[in-house]
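Hi everyone, thanks for making the time.

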Amino acid sequence: MDAENDKIMVVSHCLLNPESRLAGIKKPGKFSPGKNNVIQLPCPELIYFGSSRREITRDQLIHPAYRKFCRQLFAPFADMIEEFYRRGFSIEFVGVGKSPSCAADLTTVAGPAGRVSNFTHEHVAGRGVFFEEIEIEMVRRGICYSMQDCHTQ
């Protein structure tokens with residue numbers, strides 16, 4: 001293993017492919033993995049809800065079907081990450097600040113239920129649902145890792 005390349009960055013999909021983001025929201029900030037190795041996670045919201053999805057908050061995603069979907073989506077990536085970890089690589093997850101699924105530090109909550117004319121929400125400390133499921137799996141496997149958000153501009 002090359003001492004310069006001893007880190008695996010596991011990044012949210014939209015950091016490398018901004019077109020997967022919800023239509024009408026800001027593009028993520030400039031992200032550069034530098035010389036690090038990169039694993040790009042899939043976008044759970046794009047896969048689950050499609051590209052014509054509407055704004056949603058973390059509390060609206062907390063239900064068994066979406067959590068199960070996130071676990072299944074991450075399973076092959078967890079196997080790959082575990083393999084790299086066992087070979088001595090450090091693991092760093094990079095999430096997207098304010099995301100209901102892929103936030104590592106700051107997520108979005110309190111979207112109103114039912115039909116609304118104005119969608120309101122707030123940002124609170126915490127992980128998005130997908131990153132919560134990732135964290136559970138990393139702990140279950142005994143993998144040391146770090147997690148942080150790449151905040152949007």
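I'll talk about the sheet, then the cores, then the charged side chains, and finish with a threonine.

Before we start, please keep in mind that this is a predicted model.

Let's begin with the sheet. Which order do the strands take? They run E2-E1-E3-E6, four strands in an open sheet, and the pairing is parallel. At the edges you'll find strand E2, residues 37–40, and strand E6, residues 146–150, each of which pairs on one side only. On average, neighbouring strands here are turned by 25° against each other, if you ignore direction. As a reminder, strands of a sheet pair through backbone hydrogen bonds, either parallel or antiparallel.

Now look at E1 and E3. These two run parallel and are joined by five bridges. Lysine 7 stands opposite serine 90 in E3. Please remember that lysine, as we'll meet it again.

Two helices to look at next. H4 packs on the sheet and touches E1, E2 and E3, with a direction that makes about 165° with that of E2. H5 packs on the sheet as well, touching E3 and E6, and its direction makes about 165° with that of E3.

That brings us to the nonpolar side chains. In soluble globular proteins, nonpolar side chains tend to be buried together. Here the largest nonpolar core has 25 residues, and those touching the most other members are Phe74, Ile81, Phe93, Phe130, Phe131 and Ile134. Which elements give two or more residues to this core? They are E1, H4, E3 and H5, and H4 gives the most, with eight residues.

Leaving aside neighbours within four places in sequence, isoleucine 81 is in contact with Val10, Ile39, Phe74, Ile91, Phe93, Met138 and Ile143. There is also a second, separate core of eight residues, and Met9, Cys14, Leu15 and Val96 are among them.

On to the charges. Side chains of opposite charge can pair when their charged atoms come close. How many salt bridges does the structure hold? Twelve, and I've picked three of them to show you.

Here is our lysine again. Lysine 7 forms a salt bridge with glutamate 92, with the closest N and O atoms 3.0 Å apart. This pair links distant parts of the chain, since lysine 7 sits in strand E1 (residues 7–11) and glutamate 92 in strand E3 (residues 90–96), 85 residues apart. Buried or exposed? Glutamate 92 has 11% relative accessibility, so it counts as buried, while lysine 7, at 24%, counts as partly exposed.

The second one joins arginine 141 and aspartate 79, where the closest N and O atoms are 2.7 Å apart. Again the pair links distant parts of the chain: arginine 141 is in helix H5 (residues 129–141) and aspartate 79 is in helix H4 (residues 64–86), 62 residues apart. Arginine 141 is buried, at a relative accessible area of 14%, whereas aspartate 79 is partly exposed, at 45%.

Arginine 86 and glutamate 82 meet through their side chains in a salt bridge of 3.4 Å, N to O. They are four residues apart in helix H4, so about one helical turn separates them. Both are partly exposed, with arginine 86 at a relative accessible area of 48% and glutamate 82 at 22%. Salt bridges that share partners join Asp79, Glu82, Arg86, Glu137, Arg140 and Arg141 into one network.

The side chain of arginine 67 makes a polar contact of 2.6 Å with the side chain of glutamate 133.

Last stop, threonine 107, whose place is in strand E4 (residues 106–109). Threonine 107 is buried, with a relative accessible area of 1%. Which backbone oxygen lies 2.8 Å from a polar atom of the threonine 107 side chain? That of serine 99. Setting aside residues up to four places away in sequence, threonine 107 touches several others, including Arg58, Pro100, Glu122, His123 and Arg127.

Conventions. Residues numbered from 1 in each chain as written. Predicted model: local features only at pLDDT ≥ 70, side-chain atom pairs only at ≥ 80, totals over all residues. Heavy atoms only, no water. Salt bridge = Lys/Arg side-chain N within 4 Å of Asp/Glu carboxyl O. Buried < 20%, exposed > 50% of the residue type's maximum accessible area, 1.4 Å probe, protein only. Polar contact = N/O pair within 3.5 Å; in protein donor to acceptor, adjacent residues only side chain to side chain. Contact = heavy atoms within 4.5 Å. Pairing = 2+ DSSP bridges. Axes fitted to C-alpha atoms, helices over the stretch in contact; angles between N-to-C directions. Core = buried A, V, L, I, M, F, W, Y, C linked by side-chain atoms within 4.5 Å.
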